[in-house]
Amino acid sequence: MLALLSGQAAARSTDTVDNVMIYIVVISVILLLGVTAAMVYFVFKYHRKKGHKPKDIHGSVILEAIWIGIPTLLVLSMFYYGYTGYKTIRAIPDDAFEINVKARMWEWEFNYENGKKTDTLFVPAKQNIKLNLESYDVNHSLYIPAFRIKEDVIAGRINYLVFNAEQTGTYDIACAEYCGLNHSMMYTAVVAMPQSEFDVWYNTKDVSAEPENIEDTSADSSAVTDSTLIGGGNQ
Amino acid sequence: MSNGTVAATEKNFYEEGTSRHKGILGWLLSTDHKRIGLMYLVTIASFFIVGVIIGVFMRLELIAPGPTIMEAQTYNTLFTLHGVIMIFLFIIPGLPAIFGNFFLPLQLGAKDVAFPRLNLLSYWIYLIGAFLVLLSLVLPGGPIDTGWTFYIPYSVRSTTNVSLAIFAAFVLGFSSILTGLNFITTVHRLRAPGMTFFRMPLFVWSTYATAWIQVIATPVIGITILLVIIERAFGVGIFDPALGGDPILFQHLFWIYSHPAVYIMILPAMGVVSEIIPTFARRTIFGYKAIAMSSLAIAFVGYLVWAHHMFTSGISDTARWIFSLLTFIVALPSGVKVFNWVATLYKGSIDPKPPFLWVMNFIVLFSIGGLTGLVVGSLSTDIHLHDTYFVVAHFHYVMFGGTGTIFFAALYYWFPKMFGKSYNIKLANVGVALFFIAFNMLYFPKFILGYMGMPRRYFDYLPEFQSLQLVSTIGSWLMLITMIIVFGNLIHSLFKGKKSHSNPWGGVTLEWHTSSPPPLENFHEIPTVNHEPYDFSQLKEMDYESK
Ligand code: HEM
Ligand SMILES: [Cu+2]
């Protein structure tokens, strides 16, 4: 919800997910407070006293209908809202720039169409990106918290993940499916840069070169890069 | 109703057993459902305490980023062990095996369960399963590190004692199936005269619904486990893609059992709530049939939502929306129950004694767990929150805040019946209040951590998560203190407590119609039922004197 407060969404999906979250949480908080308040009120109001006679009320068809009916409408709306948002997140745009991702215990490898290969994900901002996810060994899950998206990387099949980074910046990529010893250290980052800068880097001959000015691109982001964790070091 | 009030001179089930053995053998070989229930209580509570202690050590490791008190591999085996103990040894058997065993026959007006020897066998199978879990810790190869979900391919590749540990889960499954069978038969065959289905207490209804899940769903995990063992032992490609298998198939099979298992955990707890609320409000339950039928609805619709654990696994988008929709539907019967419980307080005569206070805790914590279930049931939000601390918070709220809380509620409610002793009410109230604070301190930060992007099963974490992790760890210390108070109070009362009135709360279901502790065959004479279950006008006939 950090992006919510700062008012700048890192990606389109960030807003979509945050809005669904707010919708469900607001309704939930109202229901929770309602139930709790009613319970506490009754406990005080009908506290056992001498001479006070409880009344056996066996139920009410009307009330049952109400508290089945209204929640049904509420949860259906939550479902619908969650589903439509999800459809936009999962839709594969025609112009998507594809990158092949390979995961292994405990690192990421990003393969670009022109043969470039990196361990940090470099993408142009404001461009639809499609990641094709493959695993060399066990299950992993590519998770970009700032974009609110993840998809498992399952051995033996190719899953995909689509996103569009609205803001240039550096964002964490974590592994979200338990994969053994260094699962918690399987961090890398996605660097979203202006299209022009990306093009310059993408067209340099040296396949393993990292983009220049990378510090500059990440300067406007508050996200912690992978180096924090690796630097924090263990093992 | 002829309430078999027993003459004070008659022997209770502690003094008279089913076998000619005395001492410990008189327990281990006893077919008395009450003794079996108490043996389960001791065993399961011990595992629970071990699980809690492991949890507290994990929290200590997580107090700061980087290694604090252990290495990554140790952490990974600890969360696996914590999960396995809490799921397979505590919460799945928990309420049915302890309170179902002790109170199902009593509430039905029966002398015992339908198959008393089978019941003892279930206990023994449970013990063997538990022993195998422990054995897997010490054998060469080392304790299992796969997480309690045993996902493939990792669990095929791991060199730890995976096969033995999951075989233990296989064995434990049989204990569960046999208990379920026993309860179903007992409910159908051994109801006292006049005890129609709609006069059964709601705890019986929910245990009955649970028993069906135990019988129908558990074999699926059994078969799945055997397949994994075959794959590990002989390299037959079933789930591991390297051998030509499909890892997603494993996830399906695993959750086809393990999702219904979630209802095995929660349904009996809901039954206990439906007992405690009328007793302390001293009025009939609101919406008896709605509550009973919602148990069955949960039991059967609960089979159809398993793939909501797999929204990010790459299953088709069609499957994703269908399972999301069904997930929202299965939330409704739980909601119905909560509303009916609260409505039961209306115009009651409420005496908020400790068991009732535990139930109030339950309503709040379980509601938070259930409502956050809607968050992860929705597709958009789940792809962000799946496998993060949000989920860790959600399932602790449901399992610990829900079923765990009711484990204590049931203990505090039925303690005088089981042991004939009373406990310190003031200290019990303190325990309830502390529990509420400790619980929320321990787990609420995890919701926020999850939304911030902290994945679960992480030995190490980014510095930005530190302050909330610290709050959670301090919460775990408070929880430890709470547990000491809560258990300590009861253990102390067991030895030093005053003798309890046979019906201290003014309950009217059949277990309150006999002495505390009950005699070997429960009732002096089998009662005839001519009241609905929560008809408190019976209190007069029962010579109950309110203090
Ligand atoms: C003082 C009590 C407890 C503490 C401090 C505690 C703490 C934790 C922690 C730190 C994790 C690991 C989260 C992660 O890294 O992903 C965890 C996982 C888990 N806990 Fe607890 N917990 C407690 C009680 C319980 C109870 C009562 C239950 C069940 C009834 C339970 C069931 C689980 C399960 C199933 C897991 C998942 C294990 C896995 O990921 O394989 N816990 N708990
Ligand atoms: Cu991983």
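Modeller: Start with A:Arg90, which forms a salt bridge with B:Asp317. Their closest N and O atoms are 4.0 Å apart. A salt bridge here is a side-chain nitrogen of Lys or Arg within 4 Å of a carboxyl oxygen of Asp or Glu. The pair crosses between chains, from helix α3 (residues 61–90) of chain A to helix α11 (residues 317–345) of chain B. Helices are DSSP runs of H or I with at least four residues, strands are runs of E with at least two, and both are numbered from the N terminus.

Biologist: What kind of model is it, and what are the ground rules?

Modeller: This is a predicted model: local features need pLDDT of at least 70, side-chain atom pairs count only at pLDDT 80 or more, and totals for chains, interfaces and linings use all residues. Residues are numbered from 1 along each chain as its sequence is written, chains are lettered from A and ligands numbered from 1 in the order written, and side-chain values use heavy atoms, with hydrogens and water left out.

Biologist: Is A:Arg90 buried or exposed?

Modeller: A:Arg90 is buried, with a relative accessible area of 6%. B:Asp317 is partly exposed, at 33%. Buried means under 20% relative accessible area, exposed means over 50%, and partly exposed is in between, using a 1.4 Å probe and protein chains only.

Biologist: What does A:Glu151 pair with?

Modeller: A:Glu151 forms a salt bridge with B:Arg320, with the closest N and O atoms 2.8 Å apart. A:Glu151 lies in strand β7 (residues 149–153) of chain A and B:Arg320 in helix α11 of chain B, so this pair joins two chains. Both A:Glu151 and B:Arg320 are buried. Salt bridges with shared partners join A:Arg90, A:Glu151, B:Asp317 and B:Arg320 into one network.

Biologist: How many salt bridges over all chains?

Modeller: There are 16. One of them links A:Arg12 and A:Glu166, whose closest N and O atoms are 3.5 Å apart. A:Arg12 is in helix α2 (residues 12–45) of chain A and A:Glu166 is in the loop between β8 (159–164) and β9 (169–175), so the pair ties together parts that are 154 residues apart in sequence. A:Arg12 is partly exposed at 48%, and A:Glu166 is partly exposed at 28%.

Biologist: Now the ligand. Which residues are the protein donors of the iron atom of ligand 1?

Modeller: B:His82 and B:His396, each through NE2, lying 2.0 Å from the iron. Donors are N, O and S atoms within 2.8 Å of the metal (3.2 Å for Na, K and Ca); water is not among the atoms, so sites may look incomplete. B:His82 lies in helix α3 (residues 72–91) of chain B and B:His396 in helix α14 (residues 389–419) of chain B, so the pair ties together parts that are 314 residues apart in sequence. Both histidines, B:His82 and B:His396, are buried.

Biologist: How many residues surround ligand 1?

Modeller: 28, and the closest are B:Tyr75, B:His82, B:His396, B:Tyr443 and B:Arg457. A residue counts if one of its heavy atoms lies within 4 Å. α3(B) gives the most to the shell, with eight residues.
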